[in-house]
Amino acid sequence: MTPTPMRQRKGWKQLEAHYLASGTRHLREFFAEDPERGTRLSAEAVGIYLDYSKNRVSDETLRLLEELADESGLGERRNAMFAGEHINVSEDRAVLHVALRAPKGTSLVVDGVDVVGEVHEVLERMSAFAERVRSGEWTGHTGRPIRNVVNIGIGGSDLGPVMAYEALRHYTRRDLTFRFVSNVDATDFVEAVRDLEAAETLFIIASKTFTTLETLTNARSARAWLVEQLGDEAAVARHFVAVSTNEEKVSDFGIDTANMFGFWDWVGGRYSMDSAIGFSTMLAIGPEGFYEMLEGFHAMDEHFRTAPFRENLPVVLGMLTVWNREFLGCETVGVMPYDQYLKRLPAYLQQLTMESNGKHVTLEGTVVDYPTGPVFWGEPGTNGQHSFFQLIHQGTSIIPVDLIGFARSLNPLGEHHDLLMSNVFAQAQALAFGVSEAELRAQGRPEREIAHRVMEGNRPTNVLLGEELTPRLLGSLIALYEHSVFTQGTIWGVDSYDQWGVELGKVLASAISPALGSDIEPDLQYDSSTNALIRRYRAHKNKGGSDVDR
């Protein structure tokens, strides 16, 4: 049975009528009418407190959003995901990243196989190897201990590990150096290894198929760099490990398959930081810290699986994103972590959200007639306040913002943290309520300034507060956004787990690459723009070459 298109659902039509009747109301009105709003419109679970009171919603808005979520089959689709059903329809795959953090001894079945045991077998192998490296028992080809770890991957094989490393740097071994290489631009690799000694360096090659063009190009350069310094091909086996499922190609590369850590096709790249893809994280914070992070993920999974929609953090966050996107016309979402350790979180969430819900067809393959995934972006506070916050406050676009902060700093220093967190609360207050002409005149502002100082407010924010940034809290925070993405995708009726748009560029690049490296003038059969660009590139590369405008 074909689901009802979103705009034909009863819940959608009711929301549309509700928005037309009351959608322009100001947050000042909402707070004036309800003195308890600031505490009532909040939810708390597994160490995260969400204040969503400064969104342009009423109790009726939330009730109707819950009805739309229910009518969209959110509960059923959530249960299907946890049951291992193939909810990734275009690739006919299960979507079960929640199995990666299921406690040992529990059960999650995929295609008739209980995978929890397999997950923990890999985790135990990772833990054993990580302990050997961290203790100095594992040595390189010359007998020296490992002091440097370089993770080579791209997309989810890079963004998750580098974000987690930066987020949890407080808990890492400071006598180990970690670098991350993803860009096929040679500069990324060259700068990463410039000051490293090969005899003390371990490379992690993260590629499920061991065929990813960018990753394998960098991996081959890493192998050449290592062999050149150590003078022996046999050194590869002591300085490389793989996160992959392709045993043959890993072995052909020279990596001992005993040091290959696998994962499964039901793990999407952008949902894989808690799988073997996170091996660099485990090396950095130790197996105990990694398991603590998994516990945080699982705690949020269980909250998402069991809590009523109105008390469910991922569901509330997801429904508000849909409301802001569909009815307020918000094309972007700002994510502003007020913790320097989370500086890579916005980049991580860009892939998680935009690769998941940047879709133009439904699960059934019909073209949508409504906006889907918004653009996610951000920068740590307070840096963003001195760059782009001006546009958020007084620009012509409404940009909802998630402000993330913690009650305690991992690096307490004088009044720094109080000043930092005062900005979280002040920004949420200013975006919500703004400042009016009357207030400015009452302050005695010169008339020439009045129009320029007016801020309309009524800009939505969510404030997410935790006690302290720990591995467990990080796991819960990431799972919160994962399940929020799921909630949005379910309401929009799109497949949040494929990424065909990523594939097209790879295919075309593979076709063009030979023409750039060949010494023979190629017979170009592309469009006139691509042909001209290739010829110009070749001409400059070859210091003159042929007529670039031919």
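In the predicted model described here, Thr-382 lies in the loop between β11 (375-377) and α15 (389-394), and the peptide bond that joins Gly-381 to Thr-382 is cis, with an omega of about 10°. Most residues other than glycine have a negative phi, and most peptide bonds are trans. Asp-92, although it is not a glycine, has a positive phi of about 50°, and its place is in the loop between α5 and β3 (109-110). With a relative accessible area of 55%, Asp-92 is exposed, because the cut-off for that class is over 50%. Asp-111 is found in the loop between β3 and β4 (113-114), where its phi, too, is positive, near 50°, in a residue other than glycine. Asp-111 is likewise exposed, its relative accessible area being 57%.

The packing of helices was examined next. Two packed helices are described by the angle between their axes and the distance between the axes. For helix α5 (residues 74-82) and helix α12 (residues 279-306), the angle is about 140° and the axes are 10 Å apart, and the two helices are therefore oblique to each other. On the α5 side the contact involves Arg-78, Met-81 and Phe-82, which meet Asp-301, Phe-304 and Arg-305 in α12. The residues of this contact comprise 3 nonpolar and 3 charged ones, with no polar residue.

A second pair is formed by helix α13 (residues 313-326) and helix α19 (residues 471-492), whose axes come within 8 Å of each other and cross at roughly 50°, so that α13 and α19 are also oblique to each other. The crossing of α13 past α19 is right-handed. Among the residues that make the contact are Leu-313, Leu-317, Val-322 and Arg-325 of α13, together with Leu-480, Tyr-481, Ile-491 and Trp-492 of α19. By class, the residues of the contact of α13 with α19 divide into 10 nonpolar, 6 polar and 2 charged.

Turning to the interior, in soluble globular proteins nonpolar side chains tend to be buried together. The largest nonpolar core of the model has 117 residues, and Trp-266 and Leu-474 are those with the most contacts inside it. When residues up to four places away in sequence are not counted, Trp-266 touches Ala-94, Val-95, Leu-96, His-97, Ala-99, Leu-100, Val-110, Val-115 and Val-119. Another core, of 27 residues, lies apart from the largest one and includes Phe-189, Leu-196, Ala-222 and Ile-255.

Two further residues in helices were considered individually. Tyr-291 is found in helix α12 and counts as partly exposed, its relative accessibility being 27%. Although Tyr-291 and Ser-127 are 164 residues apart in sequence, they are 9.7 Å apart in space, C-alpha to C-alpha. Neighbours within four places in sequence aside, Tyr-291 is in contact with His-120, Leu-123, Glu-124 and Ser-127. Gln-350, which is found in helix α14 (residues 345-357), counts as partly exposed as well, at 32% relative accessibility. Gln-350 and His-360 are 10 residues apart in sequence, while their C-alpha atoms are 18 Å apart in space. Not counting residues up to four places away in sequence, the residues that Gln-350 touches are Glu-355, Phe-376 and Trp-377.

Methods: Residues numbered from 1 in each chain as written. Predicted model: local features only at pLDDT ≥ 70, side-chain atom pairs only at ≥ 80, totals over all residues. Heavy atoms only, no water. Axes fitted to C-alpha atoms, helices over the stretch in contact; angles between N-to-C directions. Helix = DSSP H or I, 4+ residues; strand = E, 2+ residues; numbered from the N terminus. Parallel < 35°, antiparallel > 145°, perpendicular 65-115°, else oblique. Contact = heavy atoms within 4.5 Å. Nonpolar A, V, L, I, M, F, W, Y, C, P; charged D, E, K, R; others polar. Left-handed = near helix turned anticlockwise from the far one by under 90°. Core = buried A, V, L, I, M, F, W, Y, C linked by side-chain atoms within 4.5 Å. Buried < 20%, exposed > 50% of the residue type's maximum accessible area, 1.4 Å probe, protein only.
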